[in-house]
Amino acid sequence: MNVRLLEPYGDSDNFDGIINEYFEDLNICSNYSENSFKEIQIKDFDILREYNKKKDLSYQDYILKPSWILWILALKNLDTIEDYLNVIINKKNRYLIKKSLNTFSGNEMYKLNIFNRIDETELKKFYNLYSKNIENMKHGINLLKDDFNVFLENKNDFININITYEEKIIGGLLAVKKGEMLRAIYLATDKTHKNIDVTRLLYYFLIDISIKHKYIYCSLGADPSIYGHMVSIGLYHIKKNMGFIPFPSKIYGEDSLDLYEKILRINKFNDIALSLGYADNNNSSSNLDAYIYYKDDISEQTINKVKGDFINRVHLRRL
């Protein structure tokens, strides 16, 4: 089954190839025409996007980027979950996973539930938890509301993993069986439950299932290629720390448009904005550059948390 990717921030008004896109308080101006932006069209926007442009715009502080990135872990050389723990992740993150695993396995009130097809009752439990997560986000959007019936109509195409404590769901993950890949789509957790790192464990169990069922790839899903507003930078950090690598989604056959993007202001972002673009502005590359946009001073620690072996270069841009 193909995964439907909506273009980020897609509510729009169209006029003469210039589209005003709105998401909560963020205003984006996207240009699909052959003409350049006029000053009056861009003065009130936070981000400019240019699509279908043949000329290089990078000299104007635009970056060439995919609209979506997909987080991938190749499983070819991993025979067991122990191989993953010992080979893929570092000592600190291995400790964090094992700490939660020990608490989980040492308390009979915790239970892992794996459903190899969608069960409507369990899906409703997940949806209720997911909806609460969205309600508590500053810039959350309930995408599952429109996808709910898709899961029910294609029950055998998905798996549902959840963790319960005293028979109450505290975390869940929905994934699609996508050929040689097991790919996460939605994740939700009870933010009040602090005894274990539920997100890490759900990702860990997804990897374990992927290895046991002989998938070639495990994926933590697709994110818009800009973090700090609708998608938190914390999500980037945890996926990176779990040993996954982001690739332009088109490389794995998923919908994703290439575009030039220019960030004008970040006052509506949560502290900083992190944008992932093609390495050296080359859209035939599978590697990515990271662009950190900030207002005030930025610490070396913040920069280092973005860096990774998969990042070609980190660029700092003060606005």
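Strand E6 contributes the most residues to the lining of the second largest pocket, namely three. This is a predicted model, in which local features need pLDDT of at least 70 and side-chain atom pairs count only at pLDDT 80 or more, while totals for chains, interfaces and linings use all residues. Residues are numbered from 1 along each chain as its sequence is written, and side-chain values use heavy atoms, with hydrogens and water left out.

Let's start with the pocket. Its space comes to about 380 Å³. (On a 1 Å grid over the protein atoms alone, a pocket is an open set of points where a 1.4 Å probe fits, with protein on both sides within 12 Å along at least five of seven lines; lining residues have an atom within 4 Å of a point.) The volume is the space filled by probe spheres set on the points. Of the 18 lining residues, Ile88, Lys240, Gly243, Asp309 and Phe310 are the closest to the pocket's centre. Two or more lining residues come from each of strand E6 (68-74), helix H7 (233-241) and strand E13 (245-248); helices (at least four residues) and strands (at least two) are DSSP runs, numbered from the N terminus. By class, the lining has eleven nonpolar, five polar and two charged residues. Here Asp, Glu, Lys and Arg count as charged, Ala, Val, Leu, Ile, Met, Phe, Trp, Tyr, Cys and Pro as nonpolar, and the others, Gly among them, as polar.

Now for the helices. Axes are lines fitted to C-alpha atoms over the stretch in contact, and angles run from 0 to 180 degrees between N-to-C directions.

| Helix pair | Angle | Axis distance |
|---|---|---|
| H4 (120-135) and H5 (144-153) | roughly 165° | within 11 Å |
| H6 (198-212) and H7 | about 45° | 11 Å |
| H2 (81-88) and H6 | about 120° | 9 Å |

H2 is therefore oblique to H6, a word for angles that are not under 35 degrees (roughly parallel), over 145 (roughly antiparallel) or 65 to 115 (roughly perpendicular). Ile81, Tyr84 and Leu85 of H2 touch Tyr204, Ile207, Asp208 and Ile211 of H6, where contact means heavy atoms within 4.5 Å. That contact has six nonpolar residues, one charged and no polar ones.

On the H6 side are Thr199, Arg200 and Tyr203, and on the H7 side Leu235, Ile238, Lys239 and Asn241. This contact is made up of three nonpolar, two polar and two charged residues.

What about H4 and H5? They are roughly antiparallel to each other. Among the residues in their contact are Phe126 and Tyr130 of H4 and Phe148 and Leu152 of H5. Eight nonpolar and three charged residues take part, with no polar ones.
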